[in-house]
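Visitor: Could you walk me through this structure, please? I am new to reading such things.

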Amino acid sequence: MCSEPTGGILDFCSVYRLSAGLLPSGAEWAAFALAAVFLAFIVINGVVAVTAGYTWFERRVIGRFQARIGPNRWGPFGLLQPLADVVKLMTKEDLVPEEADRPVFNLAPVVLLVPALAVVAFIPLGENSFLGRVNVGVLFILGITGLNTFGIFMGGWASRNKYALLGAMRGVAMLISYEVPMALALAGVVLTAGSMALSGIAEAQAVPFALVQPLGFLVFMIAASAEMSRAPFDMIEAESELGSGYHTEYSGMKFAVFQLAEFMAPVVNSVIATVLFLGGAEDVGPIPGQVAFVAKVFLLVFFLLWVRTTWPRLRVDQIMAFAWKGLLALALVNTFAVATEMWLLLGADAQLETRDLWIMTAANWVVAIAAVVVVANLMGQRKIRPEAPVPSPLAKMAAEAD
Amino acid sequence: MTLGAGTEATFATTAVFWITAASTIIAALAVVQLRNLFRASLFLVVSLVGVAAMFILLRAEFLAVVQILIYVGAVSVLIIFAVLMTRDVTDGSPSNRLRLPAGVLALLFLACSVFVILNTDWALLEDRLPADSASKQLVDLSGNAIGADRAAAVEQEVVEVYSNTVPRVAGLLLSDYVLAFEAASVLLLAALIGAIALVRER
């Protein structure tokens, strides 16, 4: 392993060779472990630092959307605000409800945070970086992001609080529902790219898949924002109904870890969407790949914020109906269209040309617009009719008094 | 059976193997011994993740990921859902008359597993390659002797098998094992329709 020299940013082999050079020969296993720990250290700290910056960005942007200023006091433009937040959260009292299931209660934030971090290791930031070449990358992302269900479950259950449990139950029902259209949307990507490795998918995008499969991209983004339970899908912690849902009873650093996981989700999801649909870290003309990558992620994050501040929250039944009747149908249409096109366009060499991708783009935009119009009309037909108001007994009394 | 033979990381792999094996078994014991049903189902998750880690050690990444997707992501969530709907979760289930049949079934299952484990050819692909260039006798995947000139080709095949398992699994599922695949699909479809029929409002 690692006998041939490889280039690239932060790939396992170059780190491994570096640490093997530092250690005496015969201690290869130690070098192996050292390289793994070093990379894990970089991933975790990098993601946490980016997330801290993102909290500032989100609060400022939402402030602008809501015609207020947002945090602007500490540091230039309020940039040091995340630091102040961390200090505040660390010095807060750590409360555990008396009735709580303590070990489960304490583990829940960690269980929620770890999947989001683990996914990042699979992102191909450049040639050979991290684990980007693992040949089941897409499936791994689906499987690992599914694990955060347990964090929410554990938090809601262990709190021994009705609101927390309600939030957790809603959340889990929603998460497992939206995993289905998400997986189907990814099926289209895997079909077109002919690879499940994230690096392979990024390389296959001579035309970004967001253009080739607009419907798949739409379904993926909607399902992803439901998966991270952000407005308009923030059923899990609907503040006006449930206190703050599954983490109602949490305080101090445990609450901070929950918040970290929640703020990390849009960043991580935008990164995944960039790799799967926007071409990843490929060079765009004269712009180096990594710069283009950051710019695309930034665009997606901003788009998610825009949606978040614009749409009102859906009701529980509307959310479930939307997943099963709307999104699932759209995802199926997308998968079917892509599979048919692949069947027609794949030549004898089983390779898609760039020209074929453009043909698929043209066909899929027609399919996408038609499908969205049809589904929107079908779902919109059953309008919510308010029930006839029950006359108040007070009004009756008032009428009798006259 | 050697795990990860041929890499510099044999010691690390062995250590990881024992840690994973121990935690999987301890978690599995906790599943059956804990009175608290919710904690027991959480330990079931740990145990299943441990099995997924085993698959990774055996270089079956696809199986590992499918294990996590299906058993951890779907089956365990369903079990926990059922647990949350149960009364007296912290007391666990009281023993009932089904103890004896359950024990007999478990023993039968154990016997089946042991039989299968003992009768499976566990040799990894690289075990069939020569340990060093001194041994001239090479064996291909079917066990036939091959010449030394094909050693490089076999080695290439080993690398290809390990680096791209998904198309092979897919090809086998849709050719040799298509009957089992179709049977499972029909079963799942029937279960899906049955579930909808059960909960439909009349």
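Visitor: Is A:S270 buried or exposed?

Guide: A:S270 is buried, with a relative accessible area of 0%, where buried means under 20% relative accessible area and exposed over 50%, with partly exposed in between, using a 1.4 Å probe and protein chains only. This is a predicted model, in which local features need pLDDT of at least 70, side-chain atom pairs count only at pLDDT 80 or more, and totals for chains, interfaces and linings use all residues. Residues are numbered from 1 along each chain as written, chains are lettered from A and ligands numbered from 1 in the order in which they are written, and side-chain values use heavy atoms, leaving out hydrogens and water.

Visitor: What does A:S270 touch?

Guide: Leaving aside residues up to four places away in sequence, A:S270 touches A:V297, A:L300, A:V301 and A:L304, a contact being heavy atoms within 4.5 Å.

Visitor: Which residue caps the N-terminal end of α7(A)?

Guide: That is A:N161, which has a side-chain oxygen 2.7 Å from the backbone nitrogen of A:Y163. Just after α7(A), A:G194 takes a positive phi of about 70°.

Visitor: New topic: how is chain A divided into domains?

Guide: The domain assignment gives domain 1 (1-81) and domain 2 (92-380), and their C-alpha centres lie 21 Å apart.

Visitor: And what pLDDT does chain B average?

Guide: Chain B averages 78, and 70% of the residues score at least 70, pLDDT being the predictor's confidence in each residue, from 0 to 100. Over residues 1-8 of chain B the pLDDT is below 50. Where pLDDT is low, the predicted coordinates should not be read in detail.

Terms used
A polar contact is a pair of N or O atoms within 3.5 Å; within protein, one must be able to donate a hydrogen and the other to accept it, and residues adjacent in sequence count only if both atoms are side-chain atoms. Helices (H or I, at least four residues) and strands (E, at least two) are DSSP runs, numbered from the N terminus. Domain bounds come from an automatic or database domain assignment.
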